[in-house]
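Hi,

Here is the structure I promised to pass on. Please look it over first, then read the notes below.

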Amino acid sequence: MILFETIAEPVVATGMFTWAWTMIAVPAVVAGVLLLAGKLSDAWGHLLATAAVLWSFAIAVCLFGHQLFADAGSRAVVAPLYSWFSVGEWSFEVGLLVDQLSILFAMLITGVGSLIHIYSIGYMAHDERRRRFFAYLNLFIAAMLLLVLANNYLVLFVGWEGVGLASFLLISFWQHKPSAAAAGTKAFVMNRVGDLGMLAAIASMLAMFGSSSFTDVNAGAHGLAPQWATMIGLFLLLAACGKSAQVPLQAWLLDAMEGPTPVSALIHAATMVTAGVYLVVRSHAVFETSPAAQLAVVVVATVTLLAGAWIGTSQDDIKKVLAGSTMSQIGYMMLAAGIGPAGYAFAIFHLLTHGFFKANMFLGAGSVMHGMNDDVNMRHYGALSTAMKWTFGTFAMGYLAIIGFPLFAGYFSKDHIIEAAFAQNTFIGICALIGAGITAFYMTRLMLMTFFGEKRWQPGVHPHESPRVMTIPLVILAVASVVSGLVMNNWIQEWLEPAVGNHAHEVSLVPTPVGMATMGIVAAGVVISYLVFGRGSIPVKAPATNNPITLAGRNVLFGDQVNDALFVTPATAVAAAVDATDARGIDKAADSSADAFAGLSTQVRRLETGYVRSYALTMLGGVLFVGVVLILSQLG
Amino acid sequence: MTFPWLTFLGLLPILGGLLLLLPMGKGAARLLGLGFALATLAVGLGVAGLYAAGADLAVQVPWIRAFGAWWALDVDGMGLAMVLMTVVLTPLVMLAEWQPPAGRWSAQVFFALVLMLQGLSLFVFMANDVVLFYLFFEATLIPTYFLIVGFGGPRRRYAAVKFLLFSLAGGLIMLASVVGLFAISASQGAPSYLVADLAQLSIDGHVGRWLMVGFLIAFIIKAPMVPLHTWLPDAAEHSTPGTATLLVGVLDKIGTFGMIKFCLGLFPEASLWATPFMVWFAVVSILWGAFGAIGSRNLMRLVAYTSVSHFGFMVLGIYAFTQASLSGSIFYMLNHGFSTAAMFLVVGYLAKRRGSYDIEAFGGVQKVAPVAAGLLLVSGLSALSLPGMSTFVSEFMVITGTWSRYPVVTAVSMIGVVLAAVYVLRMYQRTMTGPVTDATATHFTGRDLTGLERAIMVPILGVLLFLGFVPAPAAQLVEPTAQAILAHVGVTDPAPVVKGAK
Amino acid sequence: MMNPENYLILSALLFAIGAVGVLVRRNALVAFMCVELMLNACNLAFVAGSHITGVLDGQVVAFFVMVVAAAEVVVGLAIIVSIYKTRRSTSVDDANLLKL
Amino acid sequence: MSSNLMLLEMAAPVLEWRALAPVLLLFGAACLGILVEAVLPRAYRFLAQLVLVAVSVVFAMAFLVLNVLSAYGGPVAMGSLMLDGPTYFMWAALLVFGALALMVFSERRLNGGATAFAASAASVPGSRDEAEASAARHEHTEVYPLVLFALAGMMVFLASSDLLVMFVALEVFSLPLYLLSGMARRRRLLSQEAALKYFLLGAFSSAFFLFGTAMLFVVTGALDLHAIHDAVAGTTTERGLVFIGLALLSVGLLFKVGIVPFHSWTPDVYMGAPTPVTGFMAIATKLAAVGATMRVFYVALDGERWTWQPLLAILAVLTMVIGVVGALTQADIKRLLAYSSIAHAGFILTAIVGASQIVPAGQATSAASVMFYLVAYGFATIGAFALVTMVRNAAGEENGLEAWAGLGRKNPWVAGLFSLFMLSFAGIPLTGGFIGKWAVFTAAWRGGYWWLVVVAVLVSIVAAYLYLRVIAVMFAAEPAQGTFVGHASGWTWVPVAIGAVATVWMGLLPDQVMQWAAMAGGFLR
């Protein structure tokens, strides 16, 4: 379906919109200041950083307000900043596109980002490197905003890599832990694999269109040869897989939980990992030109949503359960994005609600850990609902939202996706449905293991509620988890239509048959989970099992093993082979040719016997030689 | 006649170097050396200013009349980029090597050799006559040899000889081509070694190919490309960081510089003929170098191997024959100089404290020397071409430019981008992170980088960051060279496939 | 009268004998005498050549060569005698310190 | 000597005194030098010889310049000598190198007040005679007249356009060199052995030269080169004799140049001879022999070029390879330089093979390239051998390469200058050696011998290692015990300095010398 003509050309920024760049610049500059100023800024660094994000948030809100009251045709605004470079026929501008899609992201990023900054003031209070943490967070905010506000793929890519860097820095923030350092490296490298897709996509766009701006690509996409449309689509999908931890590039996300919990909440739940979804939606014109690429997205998404859920069922680490859940939920978003125009708005819708409730739950988990001496093993929790009332209450809101309890945020956003999936393909729909059930199962398991049942606290642990600076963000996010679905349900489709070219569906609060089925499945999941985990006691050590499903889940579906077997081991072997070839092949050849010359030299020197008569003989031989040569040259 | 700025620019450091050979106090020698380097920097910037103002800087005086060789100097965008890189890096290297390693030759000699090397390199980048180029091309080897032999690590003799022999081998093969050029030039009228005159001859066919191959082999060794690269890791490992910086950052650029100026400039037809081979050759270098870096157990070797990989990208860009890729390659040359300098110098700082370049010898440094670790990370990020660093822009130009002509080749070469992340971050992970080892605690506690060491890094990283965000000046500087070469070769960019998209 | 070319053949033979003599004789004096024989073979060739071509120069050359040979003898003997005084041997094979 | 049967009356020979003045001055001075030895007391001989040498060389040079400036040339001495461009150029070069070499001969400070020559060459080594002569501070000032004879002989040799004159000149310059080789003060056994070998093989080779001449004479009835050229061109029947003549003649010439397989004497003689003499021989003999070789091949045998070009090409390859490879593992510096001189002869031969003789005005012929090469090589050689005399141990000169280890630390100047000369030998740019190498390769390629250039270039790579090894030993190795750099006087330092300056000058601004060479580039027939 060709929908490009519905997309309005963005207007050039005026007034408030000319300030848009400060959203990015202020956190970026603050990050630089904090890093360069060093210890001088230890005392006030975190406050400055928080202020910087609040500034960005304020701008985002103002712009959003501006757009709300502008007429639909002039909502999308482009703010050119400067010409980055140009070469040949290609020119690369740095410009911001503040349209209906990006402003939602900007608000999510800065809004959740602000809350997490505030939360972190408390969470990281005792860390001696807190200033550095805030600098990295600000760096992330700036890069993420650049990613979503860019008006062309290249600048997007800059942000894309920027968030990758920030993610690396923050995952391995506690560098003295080898596991954290390794996790950071792993995340960056696997992201880089995805980045190849991005790079290839941009290169293809340049080759195809001579430009990488969204406008040009969207306008030209319908002219693509099918195979190139598919190629570009697959490249973009690869990029999205890397950033959004979709199968097959999913393995880094669980390890990324080595980072401080606010990082997990902000980057690896609410914002960065959803960038893949943003990319696919942003590139809708390309995908619409290639059904094959769309199908690939759908397949990847479905596999991931099930895989993530599967992982979530078997992990004991609270953050890893949430991480599995994140994978799964992003799978839903990707699924929606892959479905096509029918799903774009739902993808973004779920992305936003997920941003709220998942951030909420991650911060909640952080709060729990804060009270449990940074223990993450749920088997050491239990009965925390009384010890941490605020945490429990807010976490419960998030829980209800994610399982899709009626009228909570997830109820709207996820149901729409499942419905759209059914409309697309029954099998996919069933998979999505099953995923919802599993989600309910593992989230209930998490709730039960953490907040209910008997105390399984380790000696010396005295759970306590977190300080206000941490609970207030939790409350705000909990509220968002509850209401955001209801607020946006009717509005978002229409709002996004000019930006992503979706079709507005009629949505109502009354459950459709699919919605009813979903509720039924979710209820079943909750009940089964209760039957398994709610009644008996939970062993403090994970019981040994031969159940392949559990084993696979605990081992993250053997993603690391697969990567090791397919990539790490061969790469190591190749590196060793290269080393050996250089040392024992090329160098040996060079050295032994030197030796050969030395040997030859010894032989040549033997001709100098020291006997004058042999010299004379050599001369006479020379005379004969000369004669022979002369004769031969006459013959020839 | 106007003042011969270019001659002056090249002679100034050489004179300084010769002056430094006279006996004098150590302190005075170093200050004098630095003074000459700074003066050269000033003159270099002045030349850049004149160039920007559109002044005609060309010098052309008969040099060896019997052979039609000229003392011909001129700069184009590429030349100026290399000149500026050289004049900026030299004083920094001097500051970084203010105290040469104990038990080696004196700082005075180091400074003298560095200055001579600088002057000779400047002439290489400015020479507009093939013989003149060749003269300085080979002459740079001598001070470099002594820099390795006089100040390097335990196996410096082996490394220096290997370096010199590989380079000389290439250079002498090139000499055969230089000689051949004369024969052709002389047979077609008055012999002239001026690049412009030779370019007019359009030497095609078998002769052109063979002559081109002679040049190419020299530049392949210089650049260095697999399989003629093994001298570089050894040379880097067994020289001081400052020497390695000049060697890899400046001297090796002559390889790619020469490919553009001489292979493409003099033998367009033959260069096109060599393209399929060179493109794959470049890809092999990219991957080989990257894997070599991954397998390295020594920091200097690692950086050297990364350079092999990066040179692969430069060569790929050159032989893709698009404006983007070629401009990207030239820009890459500039960036790589700074990026490698950053890597080598930081590695040098670390090794100076630890007393070893072995990766295994480090661990947990970040905890006790965060600034050193941070600078290593930033340098590493520039090596892996992170956006925001100028290296990204150039690598992007190379990749996208090449893609528009050879998508499959480019796709294979892009594996190198991932491997770059692997070798940089693994190195960082193994040396800087993790628990603080005993050795680290002993050697690094309270010994984070000094003010001078930090100050040295400022201009290097500053250039990388500035050109990362504002690459336009550099891109504009190098693009005319790329355009001229492509026009000379007679190749135009592939047009966008989808018409009217823009 | 004999064919003058026979003289050339003779001179070539003498020359060859001289050359082989240098190769096979160990005594420096004898070896040197063989060189003299070669020179004289040349003289013969010159004179014969003079006869063949009818140009008198060849005969003149012979005189020059004799003088040169005499000079060579002087120098040669000086060297051989001095080395004999040192080594008490005129075998060229004993003079074998300089090699390789 | 051009007379024939019809004209039997004797005409008084016409001699162009002014043209021949350089040669005659040297011969005269040499004869006077002999008289000095006979007449003056020992104490005054050294000074007197120096004065004689200085006066004769300076005036010879002055006449030479005068003649060049007044474009005075052509066949002289009844056609037996040809004063053409190459003659003048190489005469000048010989005079300069001869003068520099003689300065090194005069060095006495290094050796505790004695020269490098035996106090009494005639006395038995280790005998009382010798000890007494040493104690009495006797010295052989005969070396000066000997060198003057050799020098004059060389000048005649390369200028002669008559094979008989060439033969006589060959002997005139060879005989003094045989003697000089045997006069070393130290290691006299080696020195005498060198003299013996040099003499026997030299005499052997001159016999070949003479027999070759005879063969050509038999065919052509002529001795002067021009006539031979014309006659050979007209000969169709006696080709066999022409070839024999050509081959044997080449042996005599190539022996002096040091071309493989006629090179065997070189390493032994270079090693055994007193170092100043080696230095002198290394350049002067080579220069004269190359000059004469070119003259014979280009003037007399030009018509046979298709015959001898492939031959010389093969010999060039052999020579380069054997010279370079043989030097690779040498442990004695003089022997190493001897092999190196063989290699250089090979490089020179490439240009001779190219035989590009007719080029547009202002460009370099083969001869011009070769002459430039020789000059560049000569300055480096003089300097290098002068430096070799300075590296010593307690007993005297130390030529073992391992004993040179770490010389760079002990005396950076000596090691640095020696490295400069090594670099010039290796043909590294910024030295005259590079320009020379480039010039000869160019000449070879121009003559169509591009494959020879490729081979030469490949050999140069190995050659570079050879010289590099010496530099590495001096700079990179730990200093050896017991070796030191002796304190030399200006007699050594001045030639070194001149050599160094000229090497760099010819590397950087070779135009002037190249112009001279190019102007002198053609042999007159």
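**The hairpin in chain B**

Strand β2(B) is mostly covered, with 4 of its 5 residues buried. Buried means under 20% relative accessible area, exposed means over 50%, and partly exposed lies in between (1.4 Å probe, protein chains only). Helices (H or I, at least four residues) and strands (E, at least two) are DSSP runs, numbered from the N terminus.

Please keep in mind that this is a predicted model: local features need pLDDT of at least 70, side-chain atom pairs count only at pLDDT 80 or more, and totals for chains, interfaces and linings use all residues. Residues are numbered from 1 along each chain as its sequence is written, chains are lettered from A and ligands numbered from 1 in the order in which they are written, and side-chain values use heavy atoms, leaving out hydrogens and water.

Strand β1 (residues 59-64) of chain B pairs with strand β2 (residues 69-73) of chain B. The sense is antiparallel, over 5 bridges. Two strands pair if DSSP finds at least two bridges between them. B:Val59 stands opposite B:Leu73. B:Val61 stands opposite B:Trp71. The hairpin has 4 residues between β1(B) and β2(B). In its turn, B:Gly68 has a positive phi of about 65 degrees.

**Chain A**

Chain A holds 25 helices and 3 strands. Its C-alpha atoms fill a box of roughly 115 × 65 × 55 Å, taken along the principal axes. Of the 636 residues in chain A, 62% are buried.

The 3 strands form an open sheet in the order β1-β2-β3 (chain A), with mixed pairing. In chain A, β1 (11-12) and β3 (90-98) stand at the edges, each with a single partner strand, so one side of each is left without a neighbour in the sheet. Strand β2 (residues 77-87) of chain A pairs with β3(A) in the antiparallel sense over 9 bridges. A:Tyr82 has A:Val94 in β3(A) as its bridge partner.

Next, contacts (heavy atoms within 4.5 Å). Take those in chain A between residues at least 6 apart in sequence: 81% join residues at least 24 apart.

Chain A exposes about 21,500 Å², and carbon and sulfur atoms supply 70% of it. Accessible areas come from the Shrake-Rupley method with a 1.4 Å probe; for residues, only the protein chains shown count as cover.

Chain A has 29 positive and 34 negative side chains. The centres of the two sets lie 13 Å apart. Lys and Arg count as positive and Asp and Glu as negative, while His and the chain ends are not counted. The place of a charge is NZ of Lys, CZ of Arg, CG of Asp or CD of Glu.

**Chain D**

Chain D comes to 20 helices and 5 strands. The radius of gyration of chain D is 22 Å, close to the 24 Å that the globule rule gives for 525 residues, so chain D is as compact as a globular protein of that length. That radius is taken over C-alpha atoms, and the rule is 2.2 Å times the number of residues to the power 0.38. The C-alpha box is roughly 70 × 55 × 40 Å along the principal axes.

Buried residues make up 71% of the 525 in chain D. Among its contacts with a separation of 6 or more, 82% involve residues 24 or more positions apart. The accessible surface of chain D is about 15,000 Å², with 70% belonging to carbon and sulfur atoms. Chain D carries 26 positive and 25 negative charges, and their mean positions are 8 Å apart.

One open sheet of 3 strands runs β4-β3-β5 (chain D), with antiparallel pairing. In chain D, β4 (396-397) and β5 (484-485) stand at the edges, each with a single partner strand, so one side of each is left without a neighbour in the sheet. Strand β3 (residues 391-393) of chain D joins β4(D) through 2 bridges. D:Asn393 stands opposite D:Gly396.

Where does D:Ser174 sit? Its place is in helix α6 (residues 163-181) of chain D. D:Ser174 is buried, with a relative accessible area of 1%. The C-alpha atoms of D:Ser174 and D:Ser205 are separated by 11 Å, and the two are 31 residues apart along the chain.

**Between chains**

No contact joins chain B and chain C. Their closest C-alpha atoms lie 25 Å apart.

Best wishes
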